[in-house]
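Work through the two exercises below with the sequence and structure at hand. Each task is followed by a stepwise solution.

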Amino acid sequence: MSAVRENGVIVAIDGPSGAGKSSLTKLLARRLGYIHIDTGAMFRAVALMSKRAGIASDDDAGLAELCRGLEITFVRDGENCRVLANGEDVSREIRSEEIGLLTSAISARKPVREALLIMQRAMGAKGGVILEGRDIGTVVFPDAEVKFFLSASAEERGRRRYLELAARGDQATLEETIAKVIQRDRQDEGREHAPLKQAEDALPIDSTSLSIDQVLTVMENAVRERLVQGDKG
Ligand SMILES: Nc1ncnc2c1ncn2[C@@H]1O[C@H](COP(=O)(O)OP(=O)(O)O)[C@@H](O)[C@H]1O
Ligand SMILES: Nc1ccn([C@@H]2O[C@H](COP(=O)(O)OP(=O)(O)O)[C@@H](O)[C@H]2O)c(=O)n1
């Protein structure tokens, strides 16, 4: 275990879209009294602001300039967490599938990854945090004390996302949603910078046939076991 951090350990939860990262990070953070850092929301905020500014997803100079002037903050709102971009609550606007696909494009750009990497490390360095994303256990915090790689079949992840979008009134079909999940997987796994991949020391969890509570139990037990190990020095 690395040197003891001020506020506790760092937990990394990586995995593809619809695997359950946000759901489990929120529940596990509440169980442990840890801070939930949704790195995907940070990339989504950059994508939204780049769209508004008319910056092309491959305009590295424009994206670098945008990130230099962008402050992304998380504000607790009861059970939820609001995402603010330069003080504006963008929590809802960043969740559309259109922004999700644009995010997958801009998050492949090196200036965006470098800018958000600095922010994410600053947020989590003292520990007592759970970060969800694609590259937490491989790039952002390779020394995280606990790492999970949460996945599920593309069909199951598409089904989950379809139900989530339908509940929000989105008209996308199940087939379209599965196809978009697979497209985003390919983009995230195939990019040059910080691709989606399982860290060698990550605990893989396939949630295809597991409930959220079953996944939570596995994760909480793994973290608590690590905390006990750490206490033994
Ligand atoms: N193990 C699971 N079984 C059934 N539904 C799940 C499971 N994990 C997550 N979900 C649901 O799937 C949807 C996507 O989950 P989410 O946590 O947003 O995934 P991610 O953050 O990995 O994209 C949500 O509606 C969530 O409630
Ligand atoms: N640490 C991260 C988190 C997200 N992302 C990118 O941001 C996109 C949206 O992330 P997200 O976690 O909000 O998406 P979902 O998994 O919730 O669908 C992903 O498809 C990735 O392209 C990334 O590159 N690195």
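Helices (H or I, at least four residues) and strands (E, at least two) are DSSP runs, numbered from the N terminus. This is a predicted model, in which local features need pLDDT of at least 70, side-chain atom pairs count only at pLDDT 80 or more, and totals for chains, interfaces and linings use all residues. Residues are numbered from 1 along each chain as its sequence is written, chains are lettered from A and ligands numbered from 1 in the order in which they are written, and side-chain values use heavy atoms, with hydrogens and water left out.

**Exercise 1.** Find which helix gives the largest share of the shell around ligand 2.

Solution.
- Step 1: ligand 2 is surrounded by 18 residues (a heavy atom within 4 Å); Asp188 and Arg113 are among the closest.
- Step 2: a polar side-chain atom of Asp188 is 2.7 Å from an oxygen atom of ligand 2, a polar contact (N or O atoms within 3.5 Å).
- Step 3: the protein buries 98% of the 530 Å² that ligand 2 exposes when taken alone (Shrake-Rupley method, 1.4 Å probe).
- Step 4: two or more shell residues come from each of H2 (39-53), H4 (97-106) and H8 (174-190).
- Step 5: H2 has the largest share, with 4 residues.

**Exercise 2.** Describe the surroundings of ligand 1.

Solution.
- Step 1: 16 residues surround ligand 1, with Gly18 and Lys21 among the closest.
- Step 2: an N or O atom in the side chain of Lys21 lies 2.7 Å from an oxygen atom of ligand 1.
- Step 3: helices H1 (21-32) and H7 (154-167) each supply at least two shell residues.

How values were computed:
A polar contact is a pair of N or O atoms within 3.5 Å; within protein, one must be able to donate a hydrogen and the other to accept it, and residues adjacent in sequence count only if both atoms are side-chain atoms.
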